[in-house]
Amino acid sequence: METRALPTPVYVIDEDALRRNLDILHSLEERTGCRVLLAQKAFSAYYFYPLIGSYISGTAASGLYEARLGREEMGKENHVFSPAYTDAEFGELAEICDHIVFNSFSQLEKFYGRRGGASVGMRVNPECSTQDHAIYDPCAPGSRMGVRASDFRGDMADMLDGLHMHTLCEQNADALDVTVKALEEKFGAYLPRMKWLNLGGGHHITRPDYDIKLLERIILRLRDRYGVTVYLEPGEAVALNAGELVTTVMTFVDNGITTAVLDASAACHMPDVLEMPYRPPLEGGGEAGEKKHTYRLASRTCLAGDVIGDYSFDAPLKEGDRLTFRDMAIYTMVKNNTFNGMPLPAIAVRRGGDCRIIKEFGYSDFKGRLS
């Protein structure tokens, strides 16, 4: 069917756009010898894992369930990092993960003997902030993410195969360049003893203005200087601009501001709009006042603040109009929820001009999370 025939709300993943991103990431692997992993915390639409796995090296997980998903659905390299592991889950992680990254030397001591055949690493904190999103800044003062240089146990370095850092959020290679220099300054003495170095995620590699040449120089310099295999864990870059959320205008409320009530929700279906905060691009929509007709777009939940934003249009909106929010593949399906009993959007795939629904949700998905 065509996109306009899909029931709403619905996430639509564009396979052609996904392939374009994957081509860029695959070419980066070929030119530099680095290994690119899908950070599942951003995009876990496992329907596409066979496709993604044909381009890049594997998956990165933030816990047991993501690690299981990566092993079951892609079956390539499977990495996991968590600030802490439980006794109950660690045995299974050691069986299904190729790399296990710890966040403290106490956890390393506790589980090292149970690592099985997994390669072991430690997350480090280079204490170098290059971003403005405090909630996503692992280098902020007091951060629980990664070991600082002052706390690093050099006497235990021989237990490690690699170091891991993750400090970026939707950033270009210049921020990585600054951070890598801080990493080398603080932890460079240990790098020649390592087999691999994981530079984490937050790399917007598939964004049109991304400086891929600088990224390549950074990777090759680290590889040649320290003899390490370099890993990257992009999540957003895999599915950047490869998805939409299509919604329908249900009704209007005019209390000084004309609000269009939609069947989609910021709180339920695109939580980053409220959490980040983030203004999603809207097809045909401009800034408030930019075009002739301005509306506040909000949800039908009872949350007063469930507002997507103020947008303007060339023509007046009317009931039944369909609106398409862009860049809605990432941090949407992995974060959505059923607050207020809101139905979850269906998931569809688009190839060329043809769409097909691959997953629908119902009452059982709402009830199944409760007891």
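Mentor: Welcome! This is a predicted model, where local features need pLDDT of at least 70, side-chain atom pairs count only at pLDDT 80 or more, and totals for chains, interfaces and linings use all residues. Residues are numbered from 1 along each chain as its sequence is written, and side-chain values use heavy atoms, with hydrogens and water left out.

Trainee: How many helices and strands are in the protein?

Mentor: The protein has 11 helices and 18 strands. Both are DSSP runs numbered from the N terminus: helices are H or I with at least four residues, strands are E with at least two.

Trainee: What makes the radius of gyration agree with a compact globule?

Mentor: The radius is taken over C-alpha atoms, and the globule rule is 2.2 Å times the number of residues to the power 0.38. With 371 residues, that rule gives a value near 21 Å; the protein has 22 Å, so the two agree.

Trainee: Why are α3 and α4 called roughly parallel?

Mentor: Axes are lines fitted to C-alpha atoms, for helices over the stretch in contact, and angles run from 0 to 180 degrees between N-to-C directions. Under 35 degrees counts as roughly parallel, over 145 as roughly antiparallel, 65 to 115 as roughly perpendicular and the rest as oblique. The axes of α3 (residues 64-73) and α4 (residues 87-96) cross at roughly 25° and come within 10 Å, and α3 and α4 are therefore roughly parallel.

Trainee: Which residues make that contact?

Mentor: Contact means heavy atoms within 4.5 Å. Leu 64, Ala 67, Arg 68 and Arg 71 of α3 meet Glu 89, Glu 92, Leu 93 and Ile 96 of α4.

Trainee: Which residues of α3 are called buried?

Mentor: Buried means under 20% relative accessible area, with a 1.4 Å probe and protein chains only (exposed is over 50%, partly exposed in between). In α3, Leu 64, Ala 67, Leu 69 and Gly 70 are buried. These residues pack against α2 (49-53), β3 (58-61), β4 (77-81) and α4. Across the protein, 56% of the 371 residues count as buried.

Trainee: What is the handedness of the α1 and α7 crossing?

Mentor: A crossing is right-handed if the near helix is turned clockwise from the far one by less than a right angle, left-handed if anticlockwise. The crossing of α1 and α7 is right-handed, while α3 passes α4 in a left-handed crossing. The axes of α1 (residues 15-32) and α7 (residues 212-226) come within 10 Å and cross at roughly 35°.
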